[in-house]
Amino acid sequence: MIRFYKESQKELLLAMGMTVAALLLFIAVIPLKSPLFPEDYSTIVTDNKGKLLRAFLNHQEQWYFPPDKEAKVPDKLKTAAIYFEDRFFYNHMGINLFAIFRAFYWNLTSLEVKSGASTITMQLARMLNRNTRTPFNKSVEILQALKIELIYSKEEILSFYFSHAPYGGNIIGYQAASLLYFGKEPDELTWSEAAILAVLPNAPSAISPVIDQTGLSEKKNWLLEKLFQQHIINKETLKIALEEPVPLKLHKPPNNAPHLTRYIKEHIAPLGGRITTTIDWDIQRDAAYILSNQMDYLDNLGIENGAVLVAETQSGKIRAYVGSQDFFDFASQGQVDGIIAPRSTGSILKPFLYALSMDAGILLPSTKIKDVPSHFGAFSPTNASLSYDGLVTARDALVRSLNVPAVLLLKEYGLFPFYLFLKKAGLSTLFRTSDDYGLPLIIGGAEATLFDMVSLYRGLGCYGNFSSISFMEEQKTNKSEDRKLISPGASYLTLDILKELARPGEDFFWEQYQDSRPIAWKTGTSYGQRDAWAIGVSPQWTIGVWTGNFDGRGNPNLSGSKSSAPILFGVFNALGKNPDLTWFKKPQKELRSIELCADTGYQANSLCPDTVLAEAPRNMAVLKTCPYHRKLFIDNDSGAQVCSLCWEPGHYHSEVPLIYPPDIVQYLRSRGHLISTIPLHKESCPIMGHLNPLEILYPQNNAKLWIPRDLDQQLEKITLKAAHQNKEAMVYWYMDKIYLGATENNHVFPVTLSKGWHELEVIDQMGASKKTAFYTDLNTE
C-alpha cells in the first residue's frame, strides 16, 4: 500500500511537471509583438516643460498619444482602475484563477456571459490582438498575459494598459482622454475624473460621455463608493466627487505655435511621435498676444500681417515662434509662416558691414565717412530723408541708417567678401551671385527670413560667434560648430552703437525708468514700403519682428520704426529679466586704445592738431591715417598757395587746414558748416597747382541715364551737378563743346538732352577743369 502511494505520488508530480513544462512551452511559443503596439501614434508637440502645444490625429484619424516614458500614471487613476478592473493586480502573474473559476460558474449557471474574469494584463493582451471573444482567443490572451508578466514589470504593464486603452470614439490612451474629456493634464485629474477614466475602457463604445452620460455616471459613482468603502477616499472627497458631473462635450485640443507645430508635423515627425520643443508656453502666449494687439491697430492702416521670433541669446533656443497675427485669419493669409518667408532686408544688414569694416581697418565709430549723392552706373542710392551731410561719423550713419554711406562702405569693403560673410553666417536665401546682387545688397537688394536674421543678430550678441538657433530641445549647441566671423571687439563696438537708437513711443524715455534695460536694435524698411523689420539683441534675448502684407503690397504707413518697433519693445518689456545679463560685458582683452584725429576720426598723423584716444578691436587691420589734414605753404604777401617752384625764401609760411574734396565741401556748406576757403595757387607758378578744386557730382563717367516724360508728355530735364573747393568760384559749363552758361556758389545746371552719348566739361576761372561722358536714353511713349 505504501509502495502504491509513493508510485502514485511520483506519477502526480510527473504529470504536474509535464503540465508546467507544456504550459511554459506554450508561453514560450505564443507570439508576442515587439514592440507590443504598432507605432501609429499622433504627433504630439510640447513646450520645453512638456506642456502640450498641439496634437495631431494619427493616420487612422485617432487621438492616440505616444507613451511618455518620463510621465508617471497618476496615482488616482491607477488606484481607481485597479479597484474597478483587477483588485489583485499586484498579487497574480497575469491571470486570477479564482476569478476564472468564479466566472465559469456564474456563466454556466446563468447560461450567459456574466463575467469575463479578465485581469488588467489579460485586457492588455486583448488590446494587442483586437480579436472577437471566443474560447480560443481567451486561451491565447491567458498565455500572452502570462508571457507579458514574465517580461515586463507591473508598472510597465500599467503604463502599457493606460497608454493604449480605448476611451470611446477615436480616443485612445489616458493622456488623450484626459485632454479631450477634461481639458487638463492627467496629473491634474480629480477623483471623479479619475473614476470616469477608470471605468471607460470596460465599455468605451457604450458609456462614453457623448453616448450614455447616465450609464457612465452610475458606473463612476459605484466606483467612488467602492473607494470610500475601502478607505481610499474620505467622506468629504466622496461627496465632492459624486457631485461632479460627467463631461457633456469634448474639449478642443490646444493649438499653440501653430506654424511651428505644423512644420514639425510635416517635416520632422510625419509618422507620429512626441516632440519636445524649446518653446516656452508663457512667452509664446505673451508674444502672440502683443503681436495680435498691435496688428489690430495696423490693420486699420492696411497692414495685415506680422510675425515675431524670440530666442535666448546665450543658448540659441527659440522661446516664442509666432508665424502670423492669427493662424485662422484666412482672409489675410494667416496660415503663411512669416518667420520662414523670405522678405526684402531693407537696412537690417548694415550693422554687420560696419562691424566687418572695423576689423578691416576701414573705420571706427568716430570715423567720418562720405555722405554725398553717389552714382554707380544706373544705381543711385539716396538717403530716406533725401538730404546729405557731406561727412558723417560712422556711428551717426549707422544710428540714422543712412543709405549712401552704407553703399560707399560696401564698395570699399568689397561686395564679394560681404556676400561670403552672409553665407557663412547663415543667410540661407542668397541664391544669386554677389555680382547679381550688386551694391544694392546692403539696402534691401536681397531677401532674408526672420529666422535667419534673428540667428545673425544673435551671432553679433555672441561677440561674433555665429551658429543657428534651434526650436528642438534635444538639439544641443555644439561649440565646435560656432563660426567666428567678427571679432569680439568689433561686435561690442557695433552693439554699443545700436544701443543709441531712439525707441518709439513711451520707450523713448526708457533710461529714466528704474527697471528698464538696454538693447541693441535696428529697424529696416524695404523699397516700396513692403516690409518693416525690427530686430533687437541683449545678452539675454534676441527678438525679431516683421510686419507687412504677405501678398507683397506696399503701404505708405509701413516702416520699421513705426510698425515693427512697438511690437519689439512690447515683447522685450514682457520678457523675464536676468540681472546678470543686463548689458554686454566689455571684452577688455579684445580692445585696445589708438590715437585718432579729433576732427576726422582716422588714425592721427603728424599733421593732425588735436587727437583723442578711442577703443578699437585689438587685432583690426591698420586704420587709415587722416586723409584730410594737409600741409600748405602760403605766400606772406599775397596769401596765395606756393610751392618750391614759386615761393620766395623767407616770404612764406606753412598752414595745416582740413582739405575736403569738392563734393564734400558742397554739402558741408549746405548744412551750415563754416568751411575755410583754400587759397588758390600762385598764378605765376609753372604748374598752377597740383590740386584740382573741381568735381562733377552728376552724372558720373560712363553713366547711362533714362529720361522720363512729365504729365504733359514733355521730356524732363537732367540736372547737372558740380562742386568747387572755393565758395566764391565761378564755374563754366560746356556740353559737347558747346557753352551752356556759368554758375556761382551753387553749381547745378538743368539741361534738355537728346538721345546718345554726351560729354560734359566744367572749367573754373583759374583754368581747372573736369570732364565726364555719359549716355542718355529717352522715353518714347
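Predicted model: local features only at pLDDT ≥ 70, side-chain atom pairs only at ≥ 80, totals over all residues.
Buried means under 20% relative accessible area, with a 1.4 Å probe and protein chains only; helices are DSSP runs of H or I with at least four residues, numbered from the N terminus. Residues are numbered from 1 along each chain, and side-chain values use heavy atoms, without hydrogens or water. Local features need pLDDT of at least 70 and side-chain atom pairs count only at pLDDT 80 or more, while totals for chains, interfaces and linings use all residues.

With helix 6, the axes of helix 2 make an angle of about 90° and lie 12 Å apart. The two helices, helix 2 and helix 6, are therefore roughly perpendicular, a term for angles of 65 to 115 degrees. Where they meet, L77, K78, A81, I82 and E85 of helix 2 contact E155, L158, Y161 and F162 of helix 6, contact being heavy atoms within 4.5 Å. By class, this contact has 6 nonpolar, no polar and 3 charged residues.

Elsewhere, the largest nonpolar core has 121 residues, of which F352, F418 and M453 touch the most other members. Such a core is a set of buried Ala, Val, Leu, Ile, Met, Phe, Trp, Tyr and Cys residues joined through side-chain atoms within 4.5 Å. Helix 19 (residues 450-461) gives the most to this core, 7 residues. Another core, of 56 residues, lies apart from it and includes I148, F162, I172 and A177.

How values were computed
Buried < 20%, exposed > 50% of the residue type's maximum accessible area, 1.4 Å probe, protein only. Axes fitted to C-alpha atoms, helices over the stretch in contact; angles between N-to-C directions. Parallel < 35°, antiparallel > 145°, perpendicular 65-115°, else oblique. Nonpolar A, V, L, I, M, F, W, Y, C, P; charged D, E, K, R; others polar.
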